[in-house]
Amino acid sequence: MHYHDWLSNLVMVKKHDGSWRMCVDFTDLNKSCPKDCYPLPEIDWKVESLCGYPFKCFLDAYKGYHQIQMAKEDEEKTAFHTNQGVFCYTKMSFGLQNVGATYQRLVDKAFKNSIGRNLEVYVDDLVIKSHTECEILRDIEGTFHNLRRINMKLNPKKCTFGAEEGAFLGHVVSMQGIKACPKKVEAVMKLQSPQTLKEAQSLNEKLASLNRFLSKSVERSPLSSKH
């Protein structure tokens, strides 16, 4: 009989497109893991750096985190149980504490000669940016060469090539500037003005919750101590 040191539960989460994603509740495991403080890029800087480029390619890595191999000795720590037995991941799984930092370190190293020049990367989202048609073809070729070198696959359903406008990190970027992504602000735009005291109180509670969330996000930011 083999006894596991770590064993987690499954949680099914519905995605925005109606499909389902199987997630593992790694809460207890994450509490025991040291925090990887490798910083994620500043989103505002990444989005603003795309302005002024008429040719852009928006790329998305296929099941991004699953493309990184787990260390053999750590595979068993990701064990989870089902009605058909106990399984573990051989590739890095969503839900683990340091997956974002690990993936960002990978892409920063893989694309270090292109980032800031003709490419912007935020975890598994990549954007090629170019001024002319000749440049965009050259930059696509160079980016794909690096993708093959590290054996990273893309999701063709979420890739757009040679576009003047596109969505990146919750913003729509074009030659005219930056605007909020309609899907991200749809709920706010459709919000009705309060008509009664109870509705006004409900709106205040929502705003207070949003303010607390934003405050926590700033506290968690790796760059917050510099501002």
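I started with an open sheet of 3 strands, which has the order β9-β10-β11 and antiparallel pairing. Strands here, like helices, are DSSP runs numbered from the N terminus (E, at least two residues, for strands; H or I, at least four, for helices). I count two strands as paired if DSSP finds at least two bridges between them.

Before going further, I noted that this is a predicted model, where local features need pLDDT of at least 70 and side-chain atom pairs count only at pLDDT 80 or more, while totals for chains, interfaces and linings use all residues. Residues are numbered from 1 along each chain as its sequence is written, and side-chain values use heavy atoms, with hydrogens and water left out.

**Entry 1: back to the 3-stranded sheet**

I looked up the order again, β9-β10-β11. β9 (166-168) and β11 (177-180) stand at the edges with a single partner strand each, so one side of each has no neighbour in the sheet. Neighbouring strands of this sheet are turned by 35 degrees against each other on average, direction ignored. For such angles, axes are lines fitted to C-alpha atoms (for helices, over the stretch in contact), and the values run from 0 to 180 degrees between N-to-C directions. Next I checked the pairing of β10 (residues 171-174) with β11: the two run antiparallel and are joined by 4 bridges. Val173 stands opposite Ile178 in β11.

**Entry 2: the 4-stranded sheet**

In what order do the strands of the open sheet of 4 strands come? I read β6-β7-β3-β8, with antiparallel pairing. β6 and β8 (160-163) are at the edges, and each has a single partner strand, so one side of each is left without a neighbour in the sheet. On average, neighbouring strands of this sheet are turned by 15 degrees against each other, direction ignored. Helix α4 packs on the sheet and touches β3, β6, β7 and β8; its direction makes about 145 degrees with that of β7. Contact here means heavy atoms within 4.5 Å.

I then followed β7. Strand β3 (residues 55-60) is joined to β7 by 6 bridges, and the two run antiparallel. Phe55 has Ser130 of β7 as its bridge partner, and Leu59 has Leu126. On the other pairing, 4 bridges join β6 to β7, again antiparallel, with Asp125 in β7 as the partner of Tyr122. β6 and β7 form a hairpin with 2 residues between them, and Val123 in the turn has a positive phi of about 55 degrees.

Why is β7 (residues 125-130) largely enclosed by the rest of the structure? I found that 5 of its 6 residues are buried. Buried means under 20% relative accessible area, exposed over 50%, and partly exposed in between (1.4 Å probe, protein chains only).

**Entry 3: helix α3**

I checked the length of α3 (residues 99-110): its 12 residues reach 16 Å from first C-alpha to last, close to the 16 Å expected at 1.5 Å a residue. The expected span is 1.5 Å times one less than the number of residues. Val99, Gly100, Ala101, Tyr103, Gln104, Val107 and Ala110 are buried in α3. What covers them includes β6 (119-122) and α4 (133-149).

**Entry 4: the β1-β2 hairpin and Trp20**

Strand β1 (residues 9-14) pairs with β2 in the antiparallel sense over 6 bridges. The hairpin has 5 residues between the strands, and Gly18 takes a positive phi near 95 degrees. I then turned to Trp20, which lies in β2 (residues 20-25) and has Lys14 opposite. Is Trp20 buried or exposed? Trp20 is exposed, at a relative accessible area of 53%. Leaving aside its neighbours within four places in sequence, Trp20 is in contact with Met12, Val13, Lys14 and Lys15.

**Entry 5: cysteines**

I searched the whole structure for disulfides (pairs of cysteine sulfur atoms within 2.5 Å) and found 0. For Cys159, the closest cysteine sulfur is in Cys57, 9.2 Å away and too far for a bond. Cys159 is buried, with a relative accessible area of 14%, whereas Cys37 is exposed at 65%.

**Entry 6: whole chain**

The chain's secondary structure comes to 6 helices and 11 strands. Buried residues make up 30% of its 227 residues. Among contacts between residues at least 6 apart in sequence, 62% join residues at least 24 apart. I noted an accessible surface of about 15,300 Å², of which 55% belongs to carbon and sulfur atoms. Areas come from the Shrake-Rupley method with a 1.4 Å probe; for residues, only the protein chains shown count as cover.
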